[in-house]
Structures are given as C-alpha cells and as structure tokens.
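I opened the model to look up its strand pairing and the packing around the sheet. My entries are below.

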Amino acid sequence: MIYLSKIDCFDLDDIPEKGAFLLACIRRDGQYEHYCKILREIQRRYVDHLKVGAFDEKALETYRRLGIEGTPTFLIFQDRMELSRILGRTTQERLGCLVGKALPVI
C-alpha cells in the first residue's frame, strides 16, 4: 500500500512525526510502475515498521524544499529527520539497505 493521498497534493506535513518513512520522488514515465511495484513490496515487508509515500514531478515546490535535483530520488526519514537519500535508478535491495538505516533490528 502506498501511503499518500493524491500524488500531486503531497505536503511535507504528510511525513509522519514518529517512525520511519520512505519517500519516493518519481516521474510518471516508463519506470513509474516498476518503482511502484518495488515500493509496494518494501511496504509489505516492513508493514509494521515503515510508511511509504510517493509523488511525481508535478510537486515542484516540494522538490525545491527537499533539495531534489532529479528523479528518481528516494529519501528515508526517521521521526521527520532525513537520514539519507539515493539519487538515480536503484534496486529493491539497495532501497532495502536505505530503509535499514532508519529501522531498528527486526
């Protein structure tokens, strides 16, 4: 389950105050469905420990506020603080490592 309401209505207040949150900034192009599938799998795997959100390039103000310079970009937050990010194409395994930075040992 992807955690956000409408992709084009994303606001930084949607990031939970507590817990881990993976945010994907992805373009609606040929890779969009590929990354949504990966995000759903990560959400399923960490369902009790992680929320996942995504938005696309229409949210330009949010891109600026987060300092996003390109897509895809994946950010991991813990208690609303950014811990790390990946810029560019990536794999499910690499995203799993990114998530691991914010989660306690499970």
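The entries that follow go from the whole chain to the sheet and its neighbours.

I noted that this is a predicted model, in which local features need pLDDT of at least 70, side-chain atom pairs count only at pLDDT 80 or more, and totals for chains, interfaces and linings use all residues. Residues are numbered from 1 along each chain as its sequence is written, and side-chain values use heavy atoms, with hydrogens and water left out.

Chain. I found three helices and four strands (DSSP runs numbered from the N terminus; helices are H or I with at least four residues, strands E with at least two). Along the sequence they follow the pattern β-α-β-α-β-β-α. Of the 106 residues, 46% are buried (under 20% relative accessible area, 1.4 Å probe, protein chains only).

Sheet. I read the strand order as E2-E1-E3-E4, in an open sheet with mixed pairing (strands pair if DSSP finds at least two bridges between them). Strands E2 (50-55) and E4 (81-87) each have a single partner strand, so one side of each lacks a neighbour in the sheet.

E1 and E2. Strand E1 (residues 20-25) runs parallel to E2, with six bridges joining them. Leu 23 stands opposite Gly 53 in E2. I then checked helix H1 (residues 32-45), which packs on the sheet and touches E1, E2 and strand E3 (73-78) (contact means heavy atoms within 4.5 Å).

E3 and E4. I counted six bridges here, in the antiparallel sense. Leu 75 has Arg 85 in E4 as its bridge partner. Their hairpin has two residues between the strands, and Asp 79 takes a positive phi near 50°.

Technical notes
Axes fitted to C-alpha atoms, helices over the stretch in contact; angles between N-to-C directions. Buried < 20%, exposed > 50% of the residue type's maximum accessible area, 1.4 Å probe, protein only.
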